[in-house]
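Reader: I am new to this structure and would like to know what the terms used for it rest on. Please take them one at a time.

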Amino acid sequence: MAHERGGIGGTGLGLAITRRLVALMGGRVTLEQDGPGATFRVSVCFARTEAPMLPAEPVAVVPSAGRPLSVLVAEDTPASQLVICTLLERRGHRVVLVPDGRQALAEATRGGFDLILLDIQMPHLSGLEVVRAIRELPPPQDRVPVVALSAQVYPADRAASLEAGFNDHLGKPLRVAELDRLIQRVCHGDFWRTGTPAEEGEAAPKALEVDDMLSIERAIGELRAMTGDAMLTELLDLALSNIDEEMQHLTVAGIEADAERMRQAAHKLSGVLAQYGAETAARLAGSFEGTSEAMLLAQIPTLGHAIDRARSQLAQQRAALAA
C-alpha cells in the first residue's frame with residue numbers, strides 16, 4: 001500500500017504493532033514491493049474448535065450532550081486518533097477518521113457531516129488550507145462547523161484559525177467538558193465564531209501555568225474514566241512509544257542540522273505530550289515551529305530535559321495501572 005505523507009515521515013508504529021500482534025498468534029507478516037508502493041500480507045493459522053464463543057464485553061456508552069452526530073476527524077498522530085475517536089464513539093457519534101489534509105478535503109467535499117475536527121498541521125494539506133477550501137465549496141458543505149485542534153493555543157494561533165475560516169480553535173488534549181460543550185452547540189444550531197485575541201488579551205493560556213504533574217494526573221484521570229484501565233494502558237504504551245520514536249528523529253535531525261525535520265518531529269511530540277497533559281514539554285516542542293533555524297539546535301537540550309521529565313511521569317502512571 002503506497003501512502004504519501006507530504007514530506008512528514010511516519011513513526012512506523014502501525015506496522016510494528018501489527019507485526020508484534022501477529023507474532024503473538026504464531027503468524028507472520030510478509031512484504032511485497034513493486035515500485036513506490038508496498039503490500040503487506042498477514043498469515044495466521046487457527047485451530048478449529050467446537051467451544052462456544054464468549055460474548056464480547058459490552059462497551060459502555062456515555063450519554064451524549066445532544067443528538068448523535070456525523071463527525072469527520074482529521075488527525076495524523078495515532079495516539080490522538082485513538083483518544084478523539086474513542087471519546088466521540090463512546091457518546092454515540094458516527095466518526096470518519098482520515099490521516100491527512102487531502103483526504104479530509106475529499107471527505108468534506110462529499111459532505112454529510114455535522115461537524116469537522118481538523119488538526120492544524122497535517123501531511124499534504126494543512127488544516128488552514130483545508131478549511132479555506134471548505135469555505136469555497138457550494139452550500140451546504142461550506143457551512144459545516146469546522147473546529148481546529150492544536151497544541152498551540154496562544155491568541156495569535158487562535159486568530160490565524162478564525163481568520164482562515166474555522167468556527168473555533170481548541171487545544172490538545174481535547175477535554176471531555178470542552179467536547180460536550182462543542183457537541184451541544186452544534187446540536188442547538190447556535191455555533192458561532194468565538195472571541196478574538198483583541199477580546200481575550202495577549203496573556204498565555206492558563207493551562208500552561210498548571211503544574212505538569214497535576215495536569216498529567218487530570219488528563220489521565222479523564223481518560224481512565226472514559227476508556228477503562230485496559231484501553232488506557234494501550235493508550236499510554238502507544239504514547240510512550242510515540243515519544244521515544246520522535247525523540248530519536250529529533251536527535252538525528254539535530255545531528256544532521258536538518259531544521260525542517262526537527263520541526264516535524266517537535267510538532268508530533270507537541271501533539272502527543274499535550275494529549276496527556278504534559279503542557280510544559282508540549283509548549284516547548286510547539287515553539288519549534290516558530291523558531292529560527294539558528295536557535296533550534298540551542299533549544300534541543302532544554303526540550304529534551306522537559307520531555308524526559310514528562311515521559312517519566314507518564315511512565316509512572318502506566319506502572320500504576322499495572323500494579
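Reader: Why are H8 and H11 called roughly perpendicular to each other?

Author: In this predicted model, helix H8 (residues 212–227) and helix H11 (residues 279–286) pack at an angle of about 100°. Angles of 65 to 115 degrees count as roughly perpendicular, and H8 and H11 are therefore given that name. Their axes lie 8 Å apart.

Reader: Which residues of H8 and H11 meet?

Author: On the H8 side they are Asp212, Ser215 and Arg218, and on the H11 side Glu279, Thr280 and Ala281. Sorted by class, this contact has three charged residues, two polar and one nonpolar.

Reader: How do you know that the span of helix H10 agrees with its number of residues?

Author: H10 covers residues 259–275, which is 17 residues. The expected span is 1.5 Å times one less than the number of residues, so H10 should span 24 Å. Its end C-alpha atoms are 24 Å apart, and therefore the two values agree.

Reader: What makes H10 mostly covered?

Author: Buried means under 20% relative accessible area, and 14 of the 17 residues of H10 are buried. Across the 323 residues of the protein, 45% count as buried.

Reader: What is found at the start of H10, and what follows the helix?

Author: At the start, a side-chain oxygen of Asp258 comes to within 3.3 Å of the backbone nitrogen of Glu260. After H10 comes Gly277, with a positive phi near 85°.

Reader: How many helices and strands does the protein have?

Author: It has 12 helices and seven strands.

Conventions:
Residues are numbered from 1 along each chain as its sequence is written. This is a predicted model: local features need pLDDT of at least 70, side-chain atom pairs count only at pLDDT 80 or more; totals for chains, interfaces and linings use all residues. Side-chain values use heavy atoms; hydrogens and water are left out. Helices (H or I, at least four residues) and strands (E, at least two) are DSSP runs, numbered from the N terminus. Buried means under 20% relative accessible area, exposed over 50%, partly exposed in between (1.4 Å probe, protein chains only). A polar contact is a pair of N or O atoms within 3.5 Å; within protein, one must be able to donate a hydrogen and the other to accept it, and residues adjacent in sequence count only if both atoms are side-chain atoms. Axes are lines fitted to C-alpha atoms, for helices over the stretch in contact, and angles run from 0 to 180 degrees between N-to-C directions. Angles under 35 degrees count as roughly parallel, over 145 as roughly antiparallel, 65 to 115 as roughly perpendicular and the rest as oblique. Contact means heavy atoms within 4.5 Å. Ala, Val, Leu, Ile, Met, Phe, Trp, Tyr, Cys and Pro count as nonpolar, Asp, Glu, Lys and Arg as charged, and the others, Gly among them, as polar.
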